[in-house]
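My entries follow in the order I checked things.

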Amino acid sequence: MKKTSQQLQEIREATLAKITLKNDQTHRVLVGLATCGQAAGARPVYDELKKIVADKGLDKVQVVQTGCIGLCRVEPIVEVLEKDGSKTTYINMNAEKIAKVIDEHIIGGKIVDEYTITVVDGTLISPKIIG
């Protein structure tokens, strides 16, 4: 079924409303929970993330599941979206690493570089290789 430009605009606005941080939210944290993420251990990461956010009373942090992020070989993946629209992608995550990301990045405002991903000329570079 063809959609009119008005219908497409309405779909766009509805989708943006769902994915845009609300005025009182400071971060949106996404955990890739497609089959590849789950096979790599993303469910315990997600569960620990939800627990820490609740335990620390971080009610302005939204934690959400997402599907495939597209980098299966470095799952589990966690993406942190900031209010300014910037995004940090953390790779090869586990429960201990997510606790550090919450403390240092979400609360402290400092990206945990050793868990991030770097792409150079379209090639994925592991943090272990570059630093």
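I started at Ile 98. Setting aside neighbours within four places in sequence, I found Ile 98 in contact with Val 45, Glu 48, Leu 49, Ile 52, Val 78 and Met 93. Contact here means heavy atoms within 4.5 Å.

A note on provenance: this is a predicted model, where local features need pLDDT of at least 70, side-chain atom pairs count only at pLDDT 80 or more, and totals for chains, interfaces and linings use all residues. Residues are numbered from 1 along each chain as its sequence is written, and side-chain values use heavy atoms, with hydrogens and water left out.

**Core**

Next I asked which residues of the largest nonpolar core touch the most other members. They are Leu 49, Val 78, Tyr 90, Met 93, Ile 98 and Val 101, in a core of 22 residues. Two or more residues each come from strand S1 (27-32), helix H3 (42-55), strand S2 (61-66), strand S3 (78-82) and helix H4 (95-107). H3 gives the largest share, 6 residues. For the record, a nonpolar core is a set of buried Ala, Val, Leu, Ile, Met, Phe, Trp, Tyr and Cys residues joined through side-chain atoms within 4.5 Å. Buried means under 20% relative accessible area, exposed over 50%, and partly exposed in between (1.4 Å probe, protein chains only). Helices (H or I, at least four residues) and strands (E, at least two) are DSSP runs, numbered from the N terminus.

**Sheet**

I traced the strands. 4 of them form an open sheet with mixed pairing, in the order S2-S1-S3-S4. S2 and strand S4 (87-90) are the edges, each pairing on one side only. The twist averages 20° from one strand to the next. Two strands pair if DSSP finds at least two bridges between them.

H3 packs on this sheet and touches S1, S2 and S3; its direction makes about 165° with that of S2. H4 lies across S1, S2, S3 and S4, at about 15° to S3. Axes are lines fitted to C-alpha atoms, for helices over the stretch in contact, and angles run from 0 to 180 degrees between N-to-C directions.

I then took S1 by itself. S1 runs parallel to S2, with 6 bridges, and Arg 28 has Gln 62 as its bridge partner in S2. S1 and S3 are antiparallel over 5 bridges. Val 29 pairs with Val 80 in S3, and His 27 stands opposite Glu 82.

Is S1 covered on one face or both? Both: His 27, Val 29 and Val 31 on one side and Arg 28, Leu 30 and Gly 32 on the other are all buried.

**Glu 79**

Glu 79 sits in strand S3. It counts as buried because its relative accessibility is 10%. Its side chain makes a polar contact of 3.2 Å with that of Thr 89. A polar contact is a pair of N or O atoms within 3.5 Å; within protein, one must be able to donate a hydrogen and the other to accept it, and residues adjacent in sequence count only if both atoms are side-chain atoms. Beyond four places in sequence, Glu 79 touches Arg 28, Val 29, Leu 30, Ile 69, Lys 87, Thr 88 and Thr 89.

**Cysteines**

Last, I looked for disulfides, meaning pairs of cysteine sulfur atoms within 2.5 Å. The count is 0. Cys 36 is partly exposed at 21% relative accessibility, and Cys 72 is partly exposed at 42%.
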